[in-house]
Amino acid sequence: MDAVTPPVTIARHGAVHGGVQGNVAVIAIDFPPVNALSKTVRQGLLDAVRALEADPDVAALVISGGPGRFIAGADIREMSQPPDAPFLPDVVAAIDACAKPVVAAIAGAALGGGCEIALACDLRLGGPKALVGLTETRLGLIPGAGGTQRLPRLVGVAQAIALICEGRVLKAGDALALGLLDEVVEGDLLAEAIARAPGVTKRRLSELPVPAGDDAAEEAAIARARKGAKGVPAIAEAIRVIRAAGEAEFTTGLAAERAAFLALRESAEAKALRHLFFAEREAGKVPGLESVAPRPLEAVAVIGAGTMGAGIAVALADAGFAVTLVERDGEAAAAGLQRVADLYARQVKSGRLTDAQGVERRARVTPTADWSRLAAADLVVEAAFEDLAVKADIFRRLDAVAKPGAVLATNTSYLDLDAIAAVTSRPQDVVGLHFFAPANVMKLLEVVRPARTAPDVIATALALAKRMGKQPVVAGNCDGFIGNRIYALYRRHAEVLVEDGASPQEVDAALEAYGFAMGIFAVSDMSGLDIAYAMRKRRAATRDPAERYVAIADRLVEQGRLGRKTGAGWYAYDAAGGKSADPVVEVLIAEARAEKAIAPRAFSAGQIQRRLLAVMANEGAKALAEGIALRASDIDLAFVHGYGFPRTKGGPMWAADQMGLRAVVTEVEAAHAAGGAGSEPAPLLLALARDGRGFADWQPTEQAEQQGGQ
């Protein structure tokens with residue numbers, strides 16, 4: 001956009017519709033990329049509405065965001081700054097008060113504040129690609145410009161609670177069915193809006209009564225919203241002010257909404273969610289890739305049709321790819337296809353897909369034991385057993401059959417990508433694509449970059465992640481990359497806490513109180529204790545003897561207690577899957593303490609939370625300094641999207657900043673004293689704490705300086 005062109009302009013049109021003739025003024029918003037409601041846009045809208053209200057030659061107004069757009073919401077960058085007039089409620093109030101009919105021409109996203117502007121109009125026309133929703137709860141907020149008061153008057157209290165608390169985005173047809181759109185226009189949307197505007201009758205939602213509700217439906221909506229709140233205070237506030245719409249005058253409800261919005265805007269939860277909003281947009285920006293185009297991807301293949309391979313195949317099929325699923329023999333290939341079919345059957349049963357969609361997507365996956373079929377693939381994802389020798393053998397075979405330029409990806413969780421790439425004649429084509437189980441559901445995708453990988457291969461991996469709806473995080477090559485490297489320290493120190501006096505259930509309860517859906521020992525049981533056991537055995541030969549080693553988990557595995565799949569792990573499990581503390585585990589823990597002459601001591605929930613947060617942040621600081629992670633916010637995304645870290649806490653690095661890095665250093669020093677080698681305070685953490693800075697202040701350009709200072 002030309003710098004001198006204002007983001008909001010006015011154009012005038014003559015119109016005749018239904019015998020009504022008049023001059024229509026189109027208020028056009030052009031503020032790329034999404035017409036966010038920045039101060040300049042708000043001011044432009046307010047000035048335009050007021051000027052046209054006073055213009056006797058104008059009969060009606062149309063608000064348009066241009067082809068494919070409307071207004072996608074607030075300018076999130078302004079959320080961290082003091083509120084600046086004109087405020088969005090002023091703009092919405094001016095539209096509502098306008099004596100002339102106002103039509104919203106919604107060709108694209110009308111989200112958040114954009115939806116509130118549309119709700120203040122008298123007629124809402126949508127194009128086929130219109131998207132409508134009040135999504136503020138995703139950022140720890142509630143609508144603050146009348147959305148909680150106008151929407152219930154349109155759809156009722158129960159529907160308003162569901163739509164707002166879930167932050168649901170409705171496609172054009174669904175918005176029409178609920179009444180958020182008055183009509184979906186297949187042709188020229190703006191021309192239709194201009195033609196109809198003079199004949200539109202004023203219909204202010206602010207003057208309508210809230211429809212009589214169904215108490216049972218409202219209570220059910222409230223129960224669902226509270227269940228899905230996940231520590232977001234905005235949900236309870238949204239419920240409160242939406243219900244107020246049916247209990248008080250519009251202006252009273254509006255005042256209650258605004259007060260709640262302003263309070264939530266400054267909450268710790270909202271700040272953490274805004275941090276993640278920006279982190280998600282930064283994660284795909286990789287230095288050196290600014291002008292690098294991805295390789296074309298059409299045909300894709302997956303080697304290995306076990307649980308992970310089948311999930312990856314489904315994720316690729318969901319993204320529209322035809323997938324060749326390769327196994328060692330026909331029987332294994334058929335079993336793999338059955339796993340794919342089972343995954344789709346579950347989605348159909350849950351209502352996420354129709355029967356027809358399930359059948360169509362399953363048909364995109366073709367099983368085979370014929371490796372020659374890999375020759376046509378633009379991308380091959382290896383998803384075999386986590387063993388370097390097994391993967392190296394697969395990549396030697398793959399190197400011989402794959403076409404030149406094909407991207408060769410491995411789904412390894414821990415193994416050395418450079419060693420895998422080295423067995424091929426084309427290390428530049430090898431990349432890590434670390435999916436998280438279940439691969440068709442979990443959003444995180446670690447894109448692991450070996451030393452010799454070509455830039456366009458990384459660009460291809462990022463483009464693939466976007467197409468699959470995954471959140472990519474680029475990682476360097478080391479044992480465990482970003483997520484599992486830090487998670488291993490987190491788990492080790494949880495076990496140290498247990499050996500020093502905490503019970504597994506106390507550690508898990510502290511983590512769940514912090515906001516995790518499950519504690520670390522319950523998660524280990526769900527994943528299977530044999531997985532981490534195999535990793536520890538692989539590392540045993542290179543383990544520093546000065547590192548404290550807790551053998552309790554090994555003894556559980558050696559007794560056949562592998563977690564949920566065997567009915568016993570850190571916990572005992574009944575036939576229905578319910579877990580309980582197990583006296584056998586208590587005996588093992590007591591024996592381990594006795595062997596080391598440890599006098600157990602008590603830990604509070606707060607002590608457990610601070611210790612585990614500190615060791616995560618400390619290892620994250622090491623990953624930053626080594627260049628394994630590009631930015632602290634990437635680590636936060638990895639843990640929020642891959643390891644269940646509570647979104648309202650912003651991730652371990654953000655949470656460490658909120659704790660204060662000097663306090664983190666103190667906790668890390670205590671963890672080092674307890675855990676020995678491998679838990680030393682990171683030089684980067686020490687430097688930031690000394691300078692009174694936080695991880696949010698650290699820039700990747702400091703990486704070389706940090707490495708040079710170690």
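Predicted model: local features only at pLDDT ≥ 70, side-chain atom pairs only at ≥ 80, totals over all residues.
Q: Which way does β14 run against β15, parallel or antiparallel?
A: Strand β14, residues 407-410, pairs with β15 in the parallel sense, over 3 bridges. Within this pairing, L408 stands opposite V430.

Q: How does the chain get from β14 to β15?
A: The chain passes through helix α16, residues 417-422, and this β-α-β crossover is right-handed.

Q: What about β16, then: parallel or antiparallel to β15?
A: Strand β16, residues 444-449, runs antiparallel to β15, and 4 bridges join the two. H434 stands opposite E446 in β16, while F435 stands opposite L445.

Q: Changing topic, what is the order of the strands in the sheet?
A: The sheet is open and has 8 strands, in the order β12-β11-β10-β13-β14-β15-β16-β17, with mixed pairing.

Q: Which ones are the edge strands?
A: They are β12 (365-368) and β17 (471-476), each of which pairs on one side only.

Q: By how much are neighbouring strands turned against each other?
A: On average they are turned by 25°, direction ignored.

Q: Which strands does helix α15 touch?
A: Helix α15, residues 388-401, packs on the sheet and touches β10, β13, β14 and β15. The direction of α15 makes about 170° with that of β14.

Key: Residues numbered from 1 in each chain as written. Heavy atoms only, no water. Pairing = 2+ DSSP bridges. Right-handed = clockwise from strand over helix to strand, strands pointing away. Axes fitted to C-alpha atoms, helices over the stretch in contact; angles between N-to-C directions. Contact = heavy atoms within 4.5 Å.
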